[in-house]
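Open the model in your viewer and show it as a cartoon.

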Amino acid sequence: MSSSDKSYTYKDAGVDIDAGEALVDRIKPIAGSTRRSGADASLGGFGGLFDLKAAGYTDPILVAATDGVGTKLKIAIDTGKLDTVGIDLVAMCVNDLIVQGAEPLLFLDYFATGALSVDAAALVIEGIGEGCRQAGCVLIGGETAEMPDMYKAGDFDLAGFCVGAAERGNLLDGKNISPGDQIIGLASNGVHSNGFSLVRKLLEVNNLTYSDKMPFDSECTVGETFLKPTRIYVTQLLQPIRKGLIKGLAHITGGGLLDNIPRILPEGTLAELDAGAIDLLPEFRWLAELGNMTPYEMARTFNCGIGMAVVVSAQNVDETMHMLERSGERPSLIGRIVGGSGEATTRIRSTAGDWGYDDAFDIQTSV
């Protein structure tokens with residue numbers, strides 16, 4: 001029996017149901033703006049529906065992916081700039097689908113916080129809506145969890161879930177990649193969403209703040225530089241995939257250039273990259289200097305300026321490059337596939353001066 005005459009409510013425990021309902025009303029137009037064939041993007045039910053036949057599929061294989069944004073969220077929270085991390089969330093999921101040849105169709109998000117701020121959550125979800133529009137998928141639902149005592153004031157966490165499809169027989173598995181194939185790089189626009197625990201550590205030990213100006217761009221702060229949203233490569237790649245030009249794709253995420261490309265290569269092959277053909281962005285050069293980082297550590301932690309690696313046969317290079325250029329990309333030839341022994345690996349060779357290092361380097365995935 002209670003020792004108090006007070007009548008307790010859920011709100012007394014820190015959970016505001018009215019705020020949750022207000023958020024749903026606020027984000028309905030955001031979800032509605034992502035409508036596509038197969039789904040109407042309506043919110044409020046217990047689940048979302050998607051009609052594969054209406055989306056044009058006859059014999060589809062479903063492909064699913066889930067991911068988060070990692071500690072990049074801390075920079076967004078600390079700077080109060082919350083409108084782009086939703087794009088990151090979508091990008092991390094849809095880019096992992098397109099590398100398997102699957103078109104992203106539907107997306108769901110999970111937003112968890114201690115005390116719900118409708119304005120803050122709406123900013124995040126507006127970014128999710130923008131990411132879905134860029135990827136051509138529908139924001140079909142999600143979950144907002146208010147959990148007092150689990151998160152500090154102002155903190156939140158994000159997770160994303162995406163389902164895509166490809167017609168049976170059209171998935172990319174990399175099994176037919178062979179020596180002589182060429183590697184095309186699609187540029188990143190910065191760190192994307194991996195390596196931020198190291199980024200934050202380097203800022204901390206060098207006594208830098210998010211409001212400091214970047215030494216190579218006085219118009220941009222540290223916070224703005226590292227909150228550039230992850231690029232989404234879906235619409236650019238769907239056409240060459242469906243035309244049969246692409247043999248394999250690698251999304252350059254955690255593990256950087258060294259560890260991600262071998263994930264799509266058959267045993268007995270090696271991806272040989274030319275560091276001189278990879279434009280190491282200024283923020284990466286700056287981070288390398290701040291942390292006195294070796295080329296190996298850079299290439300295993302960051303994307304180093306390449307967000308997606310595209311493997312094609314030599315005879316399809318020109319057509320693929322032209323198709324990507326027409327979609328707005330600036331593709332570059334960054335390497336080739338050669339014969340190897342044992343497990344697939346990546347090797348990056350340089351000459352003196354590449355990536356700002358005085359000495360040449362020759363680094364390889366450790367197997």
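Begin with the open sheet of four strands, ordered E1-E4-E2-E3 and mixed in its pairing. Strands here are DSSP E runs of at least two residues, numbered from the N terminus, and two strands pair if DSSP finds at least two bridges between them. Select 60-67 for strand E1 and 138-146 for strand E3: these are the edges, each with a single partner strand, so one side of each has no neighbour in the sheet. On average, neighbouring strands of this sheet are turned by 15° against each other, direction ignored; the axes are lines fitted to C-alpha atoms.

The model is predicted: local features need pLDDT of at least 70, side-chain atom pairs count only at pLDDT 80 or more, and totals for chains, interfaces and linings use all residues. Residues are numbered from 1 along each chain as its sequence is written, and side-chain values use heavy atoms, with hydrogens and water left out.

Next, select residues 103-113 (strand E2) and 156-167 (strand E4), which run antiparallel and are joined by 10 bridges. Aspartate 109 stands opposite glycine 160 of E4.

Now move to strand E9, residues 269-274. Five of its six residues are buried, so the strand is largely enclosed by the rest of the structure; buried means under 20% relative accessible area (1.4 Å probe, protein chains only).

Alanine 271 has isoleucine 337 as its bridge partner in E11.

Conventions
Buried < 20%, exposed > 50% of the residue type's maximum accessible area, 1.4 Å probe, protein only. Axes fitted to C-alpha atoms, helices over the stretch in contact; angles between N-to-C directions.
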